Amino acid sequence: MADSYASDEGRQLPSLPPWLRKTLATLATVAATILGLLFVTFMIGRVMPIDPVLAVIGERATQAQYDETFRELGLDKPLLVQFGIYVNDVIHGDFGTSIRTGQQVSSDIARVFPATLELATLGTLIGVILGVPLGVVAAVRRGSWIDQIARFVGLIGYSMPIFWLGLVGLLVFYGMLGWVAGPGRVGIFYQGVVEPITGMLLVDSALRGEWAVFRDAFSHIILPASLLGYYSLAYISRMTRSFMLEQLGAEYVTTARVKGLSEWNVIWGHAFRNIRIQLITVIALAYANLLEGSVLTEIIFAWPGIGQYITTSLLANDMNSVLGGTIVIGTIFVGINIFSDLLYRFFDPRAK
Amino acid sequence: MTTNTHGLRDWLLSDEPTSRRQASLSAWYKGWLTFRSNTLAMLGLGVLVVLILAAIFAPLLASHDPFAQDLGARLLAPGVDGHLFGTDSLGRDIYSRILYGARISIYIVLLVAMVAPLVGLIVGTVAGYAGGWVDVLLMRITDIFLAFPRLILALAFVAALGAGIENAVLAISLTAWPPYARIARAETLTMRNSDFIHAIRLQGAGHTRIVTRHIWPLCISSLVIRVTLDMAGIILTAAGLGFLGLGAQPPSPEWGAMISEGRKYILDYWWVATIPGLAIFAISLAFNLLGDGLRDVLDPKEGTS
């Protein structure tokens, strides 16, 4: 998001040093984007065909009770004031109460989010470990069979519905081959055995030394994580390939070869060094996409994460939970976007 | 006959066109020749043509009524009793449902492909042409939408609007327009201060006329490439919404919804969920291949090779 119009905002603060001006402009962008996100979710909440008052008091309440709750919820105030109250609540971590679970949405999300984080992190790791070397080799051996395979892998990844691939994966690796465990996060015998520390089961069981639980959890997570990993692999390898092609065509690569450096050194010591920053940006974006992509995957694998939380709430007309989940994922998404943008500007001298 | 087609070919490939019509037809023909040499893109086009024909002639090609239930013939394997792809949990013929489902997928893609780029085109050209605070405001809004996770936002929209095909289209369009706005703005910025726009303005053209008659036509080709490349994504999002029960409603033979219905039986009756998935895969792969090929023809500087 390197904006040409960001400089317009900077112009109003002429007396400040450039780094401070840039930081302020970025902060203003973050604030505006998140405020916009809140505005959209707020408006979605308002146009819902569900009466928020009836959702709280039930259908058999008297008119007086209805009016009282109506005022309590602040629905008699102007829309702009209501939005102000809403923003204030969200900033203080108050997304309201979930109708479905009867608990604070924020505590619900804190409970389910580590499961999604665990899945998306393992998925990104798989994507990076396989995707980066594949992209580099595809660029170096351009046009070779390995380049064709990389292209094919990417094309399939961009064309296949993730929820369907998940089902087929379950059918083959769980139903037919029995290599992995079925849906869910951990087998029934191991449920609640490990006292949570981070909420991420693999980490917790390793920290507590419960290796039986660790093995079982790993057997459950590996299929959905590989699935997500495949999608980030498709994206990461394609981007790595095009970044590397750009570098390999540069003159310094020829110079390095003429100097007599080994091919390994030319590729990894010179060309790859120069794409590291771009690559980190891509990986950050892939990670953000996986957080979102996990919604459908979580449904297939009965994974108790935020994606499943949002969709289950959606089908139960539990709007507070849906919007709370949307805000959390949206904010993380915005955060990662801006982080990768900053990183790029900070490390790449050409962007200054 | 042979000499005649030869003559047409030579006329199309002439280096010195004698009329505007010849020049433009010649450009189209050369583009088609480039496109035709791309085997994968032709394959994509072929698959798409087959799918579109299947959708149009679904009533003729279907072997059964796609909605007719037959509880005596539940979950038949492919090939049994004249059911090419077998039957689902209510005994409906999967092959016929796939054919009718193609209509829904194509309908959704066409609607989104008309709505989203149009919104993007309007926002982008107005921002780029007006400049100043209008530009800052519109592009900030675009950035906000661009920074959203698309599927989650579409989910929230559908939740607010209610489930259904039209609302799914609206939700996908609302999340899909920002990239088009960015492209249209970038194109407009390169044109805004060019001589031909100044000339038109001196002739007395108003802003509306300049934007709609002179800037819009020149934005179209980059938007078309982008739309074609996005179509697979649109299909996958629509299928995802259908799978979650937020798109087309039962008994509609929408492919995503069919996978959702077959999900329960995946371990024992694999075909119920697998075959609609293959259909989704085929159509989005075809759009991806076609998009890559079109990009090579219309926008050689961004080519993959």
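At what angle do helix α12 and helix α13 of chain B pack, and how far apart are their axes? Load up this predicted model and let's look.

**Stop one: the helix pair.** Select residues 255–262 of chain B for α12 and residues 271–298 of chain B for α13. The two pack at about 155 degrees, with 7 Å between their axes. Angles over 145 degrees count as roughly antiparallel, so that is the label for α12(B) against α13(B). The crossing of α12(B) past α13(B) is left-handed.

**Stop two: the contact.** Show side chains. From α12(B), pick B:Trp255, B:Gly256, B:Met258, B:Ile259 and B:Gly262. Facing them in α13(B) are residues including B:Val272, B:Ala273, B:Pro276 and B:Ile280. By class, this contact has 9 nonpolar and 3 polar residues, with no charged ones.

**Stop three: the largest cavity.** The space inside is about 50 Å³. α11(B) contributes the most, with 3 residues, while α5 and α12 of chain B each supply at least two. The lining splits into 6 nonpolar, 2 polar and 1 charged.

**Stop four: the second largest cavity.** Which residues line the second largest cavity? Select B:Asp88, B:Ile94, B:Met258, B:Glu261 and B:Val272. About 40 Å³ of space lies here, and the lining has 3 nonpolar and 2 charged residues, with no polar ones. Across the whole structure, the search turns up 3 cavities of 30 Å³ or more.

How values were computed. Residues numbered from 1 in each chain as written. Chains lettered and ligands numbered in written order. Predicted model: local features only at pLDDT ≥ 70, side-chain atom pairs only at ≥ 80, totals over all residues. Heavy atoms only, no water. Axes fitted to C-alpha atoms, helices over the stretch in contact; angles between N-to-C directions. Helix = DSSP H or I, 4+ residues; strand = E, 2+ residues; numbered from the N terminus. Parallel < 35°, antiparallel > 145°, perpendicular 65-115°, else oblique. Left-handed = near helix turned anticlockwise from the far one by under 90°. Contact = heavy atoms within 4.5 Å. Nonpolar A, V, L, I, M, F, W, Y, C, P; charged D, E, K, R; others polar. 1 Å grid on protein atoms, 1.4 Å probe; cavity = no way out; pocket = protein on both sides within 12 Å on 5 of 7 lines; lining within 4 Å. Points joined across faces, edges and corners; volume = space filled by probe spheres on them.
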